[in-house]
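Q: Could you take a close look at one part of this model with me? I'd like one connected walk-through.

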Amino acid sequence: MSAHALPERKAPSGAFAFFRERGPLSAWRLFTFTLCVLVAIPLLVVASSLLHPDRETWRHLADNVLPELIRHTLLLTLGVSVTAGILGTGLAWLTAVCDFPGRRFFSWSLMLPLALPAYVTGFVLVGLLDFTGPIATLLRQWFGPEVRLPPIRSGGGAALALTLALYPYVYLLARHAFLSQGKRALEVGQSLGLSRRQGFLRIALPLARPWIAGGVALVAMETLADFGTVAVFNYDTFTTGIYKAWYSLFSLPAAAQLASLLILFVFVVLFLEQRLRAGMRYTPTGRSAGRERLVLTGFGRLAAPLFCGAVLTVAFIVPVGQLLWWALGVAAQDLDLRYWAYLGRSLLLAGMAATLITATALLLAYARRQQRGALTDAMVRFATLGYAVPGAVLAIGIYLPIAWFDRLYIGLMGELFGREAGPLLAGTLLAMLSAYLVRFLAVAHEPLAAALQRITPSMDEAARSLGLCSRQLIQRVHLPLLKGGVVTAMILVFVDVMKEMPITLMTRTFGWDTLATRIFEMTSEGEWERAALPAVALLVAGLVPVILLTRQTER
Amino acid sequence: MAAHVELISVGKRFGEKEVVADLSFRLGPGSIGCLLGPSGCGKTTVLRLIAGFEAVSSGEILLNGEPVSRPGHSVPPERRRVGMVFQDYALFPHLTVEGNVAFGLHRWPARERAARVRELLALVGLEGHEKAYPHELSGGQQQRVALARALAPKPELLLLDEPFSNLDVELRERLGLELRQILKQEGITAILVTHDQQEAFAMADEIGVMHAGRLQQWDTAYRLYHQPANRFVADFIGQGVFLPGTVLNSHQIEIELGILNGSFPSECAKGCAVDVLIRPDDIVHDDTSPLLAEVVHKAFRGASILYTLRLPSGGTALSLVPSHHNHALGEKIGIRLDVDHVVAFKR
Amino acid sequence: MFSRLLSSLILLAAAVSPLAHGEEVVVYSARNEQLIKPVFDAYTRATGVTIRFITDKEGPLMQRLKAEGPNTPADLLLTVDAGNLWQAAEEGLLAPVNSPILQRNVPASLRDPGNRWFGLSVRARTIVYNTDRVRASDLSTYEDLADPKWKGRLCLRTSKKVYNQSLVAMLIAEHGEAKTERIVRGWVANLATDPFADDTKMMEAVAAGQCDVGIGNTYYYGRLMEKKPNLPLALFWPNQQGSGVHVNISGAGVTRYAKNRAGAIRLLEWLSSPAAQNLFADVNLEYPVNPQVKPAPAVAAWGEFKRNPINVAKAGELQAAAVKLMDRAGYK
């Protein structure tokens, strides 16, 4: 054929060479697998208790409380998911597609409840609306002692608190969907003779379904994993059952059995979400959606800002107001220099976690892209499962192996070197960050996977055909396009870690109190007013990233 | 600068499936080639093999006489100096038109880079749109940006993957002509992939018809139309019907409509049964002819009418007739054979 | 000049480097930080011993202790309920301590018969009532609250809180399961509203008239009355003719694998001594465990009462049975 020797294929240079491998044992596969193992450990630890089931305790639970637990958990999850779904979607439609006075303000302010943990909203609601609260008391003064508000310490109250705290997840995602295709969908509908309402229901909504499904799934998982809020309302769900079995009945196996059932619920949610998201398209459409908005007139013009205002008031302004009021009351005696330390630690932890988890999620998103296939997809799904496991279950599930490892390490040190070593992992930052990683990987992965999917394979090939090597490709094409996703991911994780309590409580080092642990200390003693002070600090610290996030999503 | 492309017995398998088999062709510098075929025939795969995004399973690809692809060895795409225009344009959404076009020129000095960008935008007719972002442009404009971007680094070979499939018909024709002009002007070798015959005929110097991973015929448009190498090409290219016929002697075939004089496959001797390709322009309208056929369908084409005729034997034939001969359905009209090239295949 | 520089550098280094030479006791505490820090600080001032502590709910604390095994850094486990201490002892997490000081300072019913844990402060779980609507003469015993005459007038805290579990456990110890279940069912039937997540809210509900009586810990009452002295709320000591008021302890035990066992014992002894008892108990309006120590004036003002003499360890022994009983009775 040809007389010339074929030029030897020059191996791609640098670290990226490793990442271009596509064989079964590629670095990507190994990485994803390692993450899965990390996530699997706490789940396995919990499941391993099933090996020695506690039949007696289980029988007691099954006879007396399980039906109610199942009913309550189902009702709560369904109730919160549906309500938050409708609320978030409706608000997103109003602010993304329509125009009315105050729209700009509401676009970003409706995200603010993200900075408030659900259990804080919960105890504020109970404080305000219970029999002994100011509103009921006032009503009784005016209208006599028989006047009653609907009972707040109930499933309904818990659902309300969770809905108000969690709707921003749906709002965020639905808004994104409507911004990119809402107006266009309406126009198509109108050209087919559909009214605006029909256009919304029959075209815009189905088009946005994958995003809404994603948001609702997040809400459902948060609800399933929630413990703090339902404890405030004394509403029995799986998580309270798990705590009871574990700590009151002293039966880890029974708790594990309940936890396994809970994980089953989670799988169902994830499965449903998968089905609903089948039609997700991320590649940008050829033409931009029309810039003009649907201007509301008449009744709509009045109702829209009122509705948005009402939600904002109940979900944010009132709780914050109440917290400030309480906090001011106790500030004199409680506020001291230590608060700066708590704030500092909360910020530091959240910052470190955000960086670590975002980087990991980015690598995971790349792994999925580079190593396409059903196995990778399944592994990625599994690796993000930690989000739905209740924090305390996860904490124990992580802590036990850490302690076991430490025992091993110390034993080894003693034998090999005759040294009296201290524990290596327990109570270290490493343990905390690992636990956060398992718990919050899903939060960072969602926006990053979405952003990465916008970079089509043909874009990669176009860049390569123009002479770019892998490093340049990442630098000049991927990074600029991923910036938005990275920022979103970091902010979401940051806020979540700041609010997180059970894992922080369990795995923290001595003296490392954060704002969230302070809130716990107070509320566990029923000192709601004193809990308001760290709650306000938490809120303020969380507001900055949340506002940044709203800026981010305006694009 | 322009490359000479040669493929020698190139084959590609994905797992068990053989997607391209024993494909060979040669394209001279400055020529525009085209791979034409129905979807799934493997034409895009061949393009990707030439670009270097896939590796060959067998055979060899040479650019300017240098082997760039061989089983087990492959020059990576970024080193091949092969430009590519993708079906979905693959413009970078975070860069302006200017940024996109200049993308491959990152090693050039700034002043020359700016000059080249201006030159290309003028070439594709997009002056004034430098600062626009891809999502603000129409489909045709985006396609032109993609083209300018691919041409900017002065590639030796340009590959185009169904570049016009996302555009409307008028735009397609116009851009096709423009593109050919630009390519000839710059003297760039190009290979185009399409399923649209008109596009192939308008743009390419040489066309390869592909089917099920194999190259059926590599030839000029004229010869593909009038001298198809096999039944598939005959069927795929242009329009026509096959009429049964019998070989009379070494240069004559008898069919229902008459006797044809011409050459045909040599394996057929006297008495051999063949199918003869009869194109619409092979049958002319002749009022004086004793042979009558019934009009079963007519399609007005502006300058001509394409009649579908039922022959006395019951078979169908097509005839392209100047449109002032307007006959009604059901009417019997006189026809006559007017065949210059006899195309016959053994049955 | 150089020597001065050198010595100041050494001092600086000594100040900055960790206090490796000072003695240290590590405490795992279910008792909240704001309650124990003042006490520990006082100990450090008095003895120079540093106390490092971590606070958490008792469940996770015990899990942690168990998981750490022989490597645990904890010397002392401090909890807010006897049930937890009993459980910890059962799991082999605590080691017996033979200390005449502790024997003397802590009454027998308020410490482990096996000397593995010792009460440090006492809280009573007693009846609170609305003084506008109920007369003290209407009240008598815990069991009486199950009587239909209290229908729609009773408020309780959730059965998930260990204080109620201990109360029911003591009832089981006294009456047996069958009778106790009847009592608890009676309570549930008399509830005016769903059980509360905490004592304070429950007491406020009693004061507001949502219900007339409730059962809660004395120190919550004390804290509430401090904040809102004008509430129509008062304490009642039930079962004075019978077994007495149910009491529980906040206490501690030395861990089995304590690195500084001697230091832990010294701390424990100090906590039980008159020097510390007021500090420990008063800050939370609890009763000192040491019979020689007088409670805070505010606490003393609630009056004297007969305490149930059953060893508080029973609370732990029967906790699981109590929880199951409450589940069966529908007490949430």
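How many helices and strands does the secondary structure of chain C come to?

A: Quick housekeeping: this is a predicted model, where local features need pLDDT of at least 70, side-chain atom pairs count only at pLDDT 80 or more, and totals for chains, interfaces and linings use all residues. Residues are numbered from 1 along each chain as its sequence is written, while chains are lettered from A and ligands numbered from 1 in the order in which they are written.

Now to chain C: it has 14 helices and nine strands, where helices (H or I, at least four residues) and strands (E, at least two) are DSSP runs, numbered from the N terminus. Its radius of gyration is 22 Å, close to the 20 Å that the globule rule gives for 332 residues, so chain C is as compact as a globular protein of that length. That radius is taken over C-alpha atoms, and the rule is 2.2 Å times the number of residues to the power 0.38. Laid along its principal axes, the C-alpha trace of chain C spans about 85 × 40 × 35 Å.

What about the inside? Of the 332 residues in chain C, 54% count as buried, meaning that 20 or more other C-beta atoms, placed from the backbone, lie within 10 Å of the residue's own. As for contacts (C-beta atoms, placed from the backbone, within 7 Å), take those in chain C with a separation of 6 or more: residues 24 or more positions apart account for 79% of them.

Elsewhere, chains A and B touch too: the contact takes 23 residues from chain A and 29 residues from chain B.

Terms used: Two residues are in contact if their C-beta atoms, placed from the backbone, lie within 7 Å. A residue is buried if 20 or more other C-beta atoms lie within 10 Å of its own, exposed if 12 or fewer, and partly exposed in between; C-beta atoms are placed from the backbone.
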